[in-house]
Amino acid sequence: MTSIGGVEMVDWNLAVATAIRFARSGPEVSQDEARAAVQELRRHAKASEEHVRAFTRMAPAGGEFADTPVLVVDRAGWVRANVAGFRTVLGPLLDKMRSRRSATPGGAVLGAVGGKVTGVELGMLLSFLSSRVLGQYETFAPASRDLPGGTGGGQLLLVAPNIVHVERELDVDPHDFRLWVCLHEETHRTQFTAVPWL
């Protein structure tokens with residue numbers, strides 16, 4: 001646990017709420033445009049598996065990527081996945097800090113206030129990044145109802161509104177740009193799933 005007397009050292013829920021509240025809105029698209037972009041990203045993600053595997057001759061342990069799903073998400077979905085990943089990665093460090101702080105006079109009060117402050121700070125950082133990240137192989141995020149993941153962790157995230165925003169801003173062919181993003185992110189997923197020491 002990452003809490004002192006029930007008080008979180010990082011208020012994870014506040015981090016998510018802050019990030020989502022302050023995240024910039026995405027580009028204006030119709031439901032049909034959004035649906036088409038998501039479908040195309042899924043097709044390109046699947047094709048990218050084959051391209052990257054054929055070029056690199058690398059395959060994930062077990063031979064298939066089925067254990068690490070491709071998720072086309074919005075900015076809020078990206079935030080939730082990253083908070084889940086941070087929570088997993090930072091857990092051991094926060095446990096050590098908790099044990100040290102519990103021996104300090106006033107540690108519980110510092111923990112309560114610090115958890116809120118840290119939650120807001122993390123939320124503001126993720127708010128800023130949520131409109132800039134095109135995709136990410138999130139290695140540490142555990143699976144959840146909203147964001148399924150592999151049994152060993154790992155999710156390939158494609159942030160649809162950001163991809164659409166950048167392709168419009170750069171005035172590039174959407175099909176080519178979406179394929180490039182998928183190839184880029186698939187390369188990371190292949191590296192992390194095929195090379196055990198990574």
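Since it is a prediction, local features need pLDDT of at least 70 and side-chain atom pairs count only at pLDDT 80 or more, while totals for chains, interfaces and linings use all residues. Residues are numbered from 1 along each chain as its sequence is written, and side-chain values use heavy atoms, with hydrogens and water left out. Helices (H or I, at least four residues) and strands (E, at least two) are DSSP runs, numbered from the N terminus.

**Two helices that cross**

- Two packed helices are described by the angle between their axes and the distance between the axes.
- Helix α2 (residues 31-56) and helix α6 (residues 174-194) have axes that come within 8 Å and cross at roughly 50 degrees. The axes are lines fitted to C-alpha atoms, for helices over the stretch in contact, and angles run from 0 to 180 degrees between N-to-C directions.
- That makes α2 oblique to α6; angles under 35 degrees count as roughly parallel, over 145 as roughly antiparallel, 65 to 115 as roughly perpendicular and the rest as oblique.
- The crossing of α2 past α6 is right-handed, meaning that the near helix is turned clockwise from the far one by less than a right angle.
- On the α2 side, the contact (heavy atoms within 4.5 Å) includes Ala 37, Leu 41, His 44 and Val 52. From α6, residues including Leu 179, Cys 182, Leu 183 and Arg 189 take part.
- Sorted by class, this contact has seven nonpolar, seven polar and five charged residues. Here Ala, Val, Leu, Ile, Met, Phe, Trp, Tyr, Cys and Pro count as nonpolar, Asp, Glu, Lys and Arg as charged, and the others, Gly among them, as polar.

**A sheet and the helices on it**

- Three strands line up as β3-β5-β4 in an open sheet with mixed pairing; two strands pair if DSSP finds at least two bridges between them.
- At the edges sit β3 (70-73) and β4 (135-138), each of which pairs on one side only.
- On average, neighbouring strands of the sheet are turned by 20 degrees against each other, direction ignored.
- β4 and strand β5 (residues 155-159) run antiparallel and are joined by four bridges. Gly 135 stands opposite Leu 158 in β5.
- Helix α2 turns up here too, lying across β3 and β5 and running at about 155 degrees to β3.
- Helix α5 (residues 160-170) also packs on the sheet, where it touches β3 and β5, and its direction makes about 45 degrees with that of β5.
- Among the buried residues of α5 are Pro 161, Asn 162, Ile 163 and Glu 167. Buried means under 20% relative accessible area, exposed over 50%, and partly exposed in between (1.4 Å probe, protein chains only).

**Loop residues to look for**

- Arg 132 is in the loop between α4 (107-130) and β4, and it counts as partly exposed because its relative accessibility is 41%.
- Leaving aside neighbours within four places in sequence, Arg 132 is in contact with Arg 24 and Asn 162. Arg 132 and Ile 163 are 31 residues apart in sequence, with their C-alpha atoms 9.0 Å apart in space.
- Arg 57, in the loop between α2 and β3, has a positive phi of about 60 degrees although it is not a glycine. With 74% relative accessibility, Arg 57 counts as exposed.
- Asp 171 lies in the loop between α5 and α6. Asp 171 is not a glycine, yet has a positive phi of about 55 degrees, and at 68% relative accessibility Asp 171 counts as exposed.
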